[in-house]
Amino acid sequence: MQIPEDFIEEVLARSDLVGLIHARVPLRRSGKNYSACCPFHKEKTPSFSVSPDKQFYHCFGCGASGNAITFLREYERMHFVDAVKTLAQAASLQVPSTPTHGNEKKANTRPLFDILDKAQSYYCEQLKNPSVNKRPIQYLKGRQITSSAAKEFAIGYAPQGWDNLKSALIHSNKESENALDAGLIVQNDKQRIYDRFRDRIMFPIRDQRGRTIAFGGRVLGDDKPKYLNSPESPLFQKGNELYGLYEALQSRQSPKKFLIVEGYMDVIALAQHDLRFAVATLGTATSKVHIERLFRYAPELIFCFDGDDAG
Ligand SMILES: [Zn+2]
């Protein structure tokens with residue numbers, strides 16, 4: 001969908017950036033501007049400033065800046081069109097209808113977050129379930145993963161069998177559709193539906209706000225593929241996400257640097273040694289988005305890859 005440029009100008013002119021941000025990040029008046037601790041990087045003293053005159057925000061700590069549309073895109077992770085629509089609605093403006101190009105993303109992602117959250121709880125419960133957890137626990141012990149690390153990273157287990165998750169979580173066509181969109185289940189060409197992840201250790205991949213957006217699943221033995229990731233979805237673009245970023249930002253001391261490693265297990269192993277600044281790309285090369293994202297939080301990046309082509 002294309003929105004005319006002058007309509008975007010009008011939406012911005014009629015939007016209240018201070019109110020928009022204040023509803024999400026409490027602001028305090030300071031002179032003619034407003035300030036807060038920046039929502040885009042960790043800090044203890046406010047360096048995030050909002051100018052009601054310019055309708056512009058800027059962080060002197062991490063350099064995040066922009067207008068109301070930028071804020072919704074960055075903070076709520078909205079697509080551009082959805083951000084404009086949200087602001088238009090708040091300003092009681094009708095978005096002019098122009099021909100769509102068929103690539104409009106579905107606006108409502110909440111059902112996907114919900115089903116992924118349920119799946120994460122389900123997988124964690126299975127790791128505690130004595131009737132299925134002997135092998136996964138043994139595997140994690142073998143890899144010297146402590147129970148506190150398992151808890152921090154919300155590690156779970158997808159049991160053997162084709163429809164464990166499906167029968168536990170899916171009771172309607174709507175739920176089935178959401179689970180398909182979120183990549184939790186697969187439909188084959190005979191319309192049969194089954195669990196994507198079977199007999200795997202499950203690592204939830206979380207966004208910066210801690211919401212599960214995808215999973216990585218590792219086999220217990222030598223089966224292939226060793227790692228299976230969720231497919232791309234409206235919530236998950238592999239080339240943008242970093243495993244462990246949320247956990248690193250949650251740790252006691254905000255990271256001064258990041259170590260970019262290859263896998264989930266590296267991130268967790270380092271965290272267990274109190275090196276809480278490791279993140280992993282998800283089977284993709286390090287992208288511009290990854291690097292920009294990390295530089296928001298820390299000025300130094302260290303790459304630590306194997307010497308193969310992917311590295
Ligand atoms: Zn900042």
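Strands β2 and β3 (residues 48–51) pair in the antiparallel sense over three bridges. Within this pairing, Ala36 stands opposite Phe48 in β3. The model described here is predicted, and its chain contains 12 helices and 15 strands.

- Strand β1 (residues 28–30) is joined to β2 by three bridges, and the two strands run antiparallel.
- Arg29 has Tyr34 in β2 as its bridge partner.
- β1 and β2 form a hairpin with two residues between them; in the turn, Gly31 has a positive phi of about 65°.
- In a regular strand, side chains alternate between the two faces of the sheet.
- Strand β2 (residues 33–36) has a covered face made up of Tyr34 and Ala36, while Asn33 and Ser35 make up its uncovered face.

**The four-stranded sheet**

- Another group of four strands forms an open sheet with mixed pairing, in the order β12-β14-β13-β15.
- β12 (242–243) and β15 (300–303) stand at the edges with a single partner strand each, so one side of each has no neighbour in the sheet.
- Strand β13 (residues 257–261) and β15 run parallel and are joined by four bridges.
- Leu259 stands opposite Ile302 in β15.
- Helix α11 (residues 264–272) lies across β12, β13 and β14 (278–281), and runs at about 175° to β14.

**Domains and overall form**

- The domain assignment divides the chain into domain 1 (5–90), domain 2 (109–236) and domain 3 (238–311).
- Between domain 1 and domain 2, the C-alpha centres lie 35 Å apart.
- Along the principal axes, the C-alpha atoms fill a box of roughly 60 × 45 × 35 Å.
- Of the 311 residues in the chain, 32% are buried.
- Among contacts between residues at least 6 apart in sequence, 58% join residues at least 24 apart.

**Confidence of the prediction**

- The average pLDDT of the chain is 88, and 93% of the residues score at least 70.
- Among the elements of the chain, strand β6 (residues 156–158) has the highest mean pLDDT, 98, and helix α12 (residues 288–295) the lowest, 83.
- Over residues 100–106 the pLDDT is below 50; this stretch has six contacts in the model beyond near neighbours in sequence.
- Where pLDDT is low, the predicted coordinates should not be read in detail.

Methods: Residues are numbered from 1 along each chain as its sequence is written. This is a predicted model: local features need pLDDT of at least 70, side-chain atom pairs count only at pLDDT 80 or more; totals for chains, interfaces and linings use all residues. Domain bounds come from an automatic or database domain assignment. pLDDT is the predictor's confidence in each residue, from 0 to 100. Two residues are in contact if their C-beta atoms, placed from the backbone, lie within 7 Å. A residue is buried if 20 or more other C-beta atoms lie within 10 Å of its own, exposed if 12 or fewer, and partly exposed in between; C-beta atoms are placed from the backbone. Two strands pair if DSSP finds at least two bridges between them. Axes are lines fitted to C-alpha atoms, for helices over the stretch in contact, and angles run from 0 to 180 degrees between N-to-C directions.
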